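Work through these exercises with the model open. Each task is followed by a stepwise solution.

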Amino acid sequence: MSGHRRLDWLGLTPEPERELPTAVAALRASSREASAGPSQDLAATEQRRVERLILRGSRHSWLRYLAEVTDLVTGVAAGSRPGDPAAALLAGEVVLDHHHMLIGLPGPGYGRTAQDRAALESAVRSLRTHTRTGAGR
């Protein structure tokens, strides 16, 4: 590993590492039309992916993963993809919190995630309303 590799992005918050794998697995399972929620295999696969990104990835690859999660969340919120609104809400809140904290780090991360933040803010509002009212149940 190069001494020039920036690692400050790793210290933001542990929530993405802890909470995203299960929520994202649920969203991916939904897109595969699995009705019983995420299988243990999907959750374990997602956990390994997150661990690999954290241990061997870069800030760029991590933000690319979070952009992928953003697409899943916003798709569920917009109704353009199937998915568990509660899992989408959890994933959306975690990624949104992460993106807000980027303002404290050097580099272009905060600016680079501006569109995703705006999309997530809208999606989270919609999903909160959806999960509070029990819509779709």
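**Exercise 1.** In this predicted model, find the salt bridge between Arg49 and Glu68 and state which helices it links.

*Solution.*
- Step 1: The closest N and O atoms of Arg49 and Glu68 are 2.9 Å apart, and the pair forms a salt bridge.
- Step 2: Arg49 sits in helix H2 and Glu68 in helix H3, 19 residues apart, so distant parts of the chain are linked.
- Step 3: Arg49 is partly exposed, at 26% relative accessible area. Glu68 is partly exposed too, at 27%.

**Exercise 2.** Find what Arg28 pairs with, and decide whether Arg28 is buried or exposed.

*Solution.*
- Step 1: Arg28 forms a salt bridge with Glu68, with closest N and O atoms 2.5 Å apart.
- Step 2: Arg28 lies in helix H1 (residues 15–31) and Glu68 in helix H3 (residues 59–78), so the bridge ties together parts 40 residues apart in sequence.
- Step 3: Arg28 has 15% relative accessibility. Buried means under 20%, so Arg28 counts as buried.

**Exercise 3.** Check the length of helix H2 and locate its buried residues.

*Solution.*
- Step 1: H2 has 17 residues (40–56); at 1.5 Å a residue, the helix should span 24 Å.
- Step 2: Its end C-alpha atoms are 24 Å apart, which agrees.
- Step 3: Ala43, Glu46, Val50, Leu53 and Ile54 are buried. They cover an arc of only 95° around the axis, so they lie on the same side of H2.
- Step 4: Gln40, Asp41, Leu55 and Arg56 are exposed on the other side.

Key:
Residues numbered from 1 in each chain as written. Predicted model: local features only at pLDDT ≥ 70, side-chain atom pairs only at ≥ 80, totals over all residues. Heavy atoms only, no water. Helix = DSSP H or I, 4+ residues; strand = E, 2+ residues; numbered from the N terminus. Expected span 1.5 Å × (residues − 1). Buried < 20%, exposed > 50% of the residue type's maximum accessible area, 1.4 Å probe, protein only. Arc of directions from axis to C-beta. Salt bridge = Lys/Arg side-chain N within 4 Å of Asp/Glu carboxyl O.
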